[in-house]
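Thank you for making time this morning.

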Amino acid sequence: MTAAVAGAVLAALRSRGWTIATCESLTGGQLVAALIDVPGASAAVRGGLVTYAPELKSELAGVAADVIERCGVVSREVALAMADGARARCGADVGVATTGVAGPEPVDDVPVGTVWVAVSLPSVTHARNAVFPGDRAAVRAAAVALALSLVDEALAASAAE
């Protein structure tokens, strides 16, 4: 399923001549890897940032430190800023971000399984929240699938405009 959605995302990007970049926290590079697993990915994938530590979200992705302090790293605001940062820092048309808590313990009172993903397109941003059951691997895999689905939906919606 993930491979099929990644393929659809890359096909949609290639049809527009667009590129994509990622900024990942809890998925630790799995999202960009899912994209790169698709043959021909180099035509659309610019690269990715892994910003596991909070300060790297600011240093590498340009997320304002006060946003992290005010909202917490697992938040809509930080996910959106990470997606914008991926676009800007990697020179891509589309940025996608993942942040959340894979476990085994909650982070800042945010329950295990909580995920935020965000997509930044040239004219609009989208974010989605979910809580997934399972162990670390299951939560991370579900976050990758959710992020790819959100990109696919955002690209389809922007094409219809």
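Which helix and which strand each supply at least two residues of the lining of the largest pocket? Before I answer, please keep in mind that this is a predicted model, in which local features need pLDDT of at least 70 and side-chain atom pairs count only at pLDDT 80 or more, while totals for chains, interfaces and linings use all residues. Residues are numbered from 1 along each chain as its sequence is written, and side-chain values use heavy atoms, with hydrogens and water left out.

The answer is helix 3, residues 54–59, and strand 3, residues 94–100; helices (H or I, at least four residues) and strands (E, at least two) are DSSP runs numbered from the N terminus. A pocket here is an open set of points on a 1 Å grid over the protein atoms alone, where a 1.4 Å probe fits and protein lies on both sides within 12 Å along at least five of seven lines, and lining residues have an atom within 4 Å of a point. The largest pocket holds about 210 Å³ of space, the volume being what is filled by probe spheres set on the points, which are joined across faces, edges and corners. Its lining consists of 16 residues, and Ser25, Tyr52, Gly100, Val101 and Val107 lie nearest the centre. By class, that lining has 9 nonpolar, 4 polar and 3 charged residues, where Ala, Val, Leu, Ile, Met, Phe, Trp, Tyr, Cys and Pro count as nonpolar, Asp, Glu, Lys and Arg as charged, and the others, Gly among them, as polar.

Stepping back to the whole chain, there are 6 helices and 5 strands, and along the sequence they follow the pattern α-β-α-β-α-α-α-β-β-β-α. Of the 161 residues, 49% count as buried, meaning under 20% relative accessible area, with exposed being over 50% and partly exposed in between (1.4 Å probe, protein chains only).

Helix 5, residues 76–90, reaches 21 Å from its first C-alpha to its last, close to the 21 Å expected for its 15 residues at 1.5 Å a residue; the expected span is 1.5 Å times one less than the number of residues. Among the buried residues of helix 5 are Val78, Leu80, Met82 and Cys90, and the helix is followed by Gly91, whose phi is positive, near 65 degrees.

Cys90 brings me to the cysteines. A search of the whole structure finds 0 disulfides, a disulfide being a pair of cysteine sulfur atoms within 2.5 Å. The closest cysteine sulfur to that of Cys23 is in Cys90, 8.2 Å away, which is too far for a bond. Cys71 is likewise in no disulfide, since the nearest cysteine sulfur, that of Cys23, is 16 Å away. Cys23 is buried at 0% relative accessible area, whereas Cys71 counts as partly exposed at 25%.

Finally, consider the loop between strand 3 and strand 4, residues 114–120 being the strand, where Glu105 is found. Pro104 is in that loop too, and a cis peptide bond with omega of about 15 degrees joins Gly103 to Pro104. Glu105 is exposed, with a relative accessible area of 55%. Asp108, which also sits in this loop, has a positive phi of about 50 degrees although it is not a glycine, and Asp109 has a positive phi of about 65 degrees.
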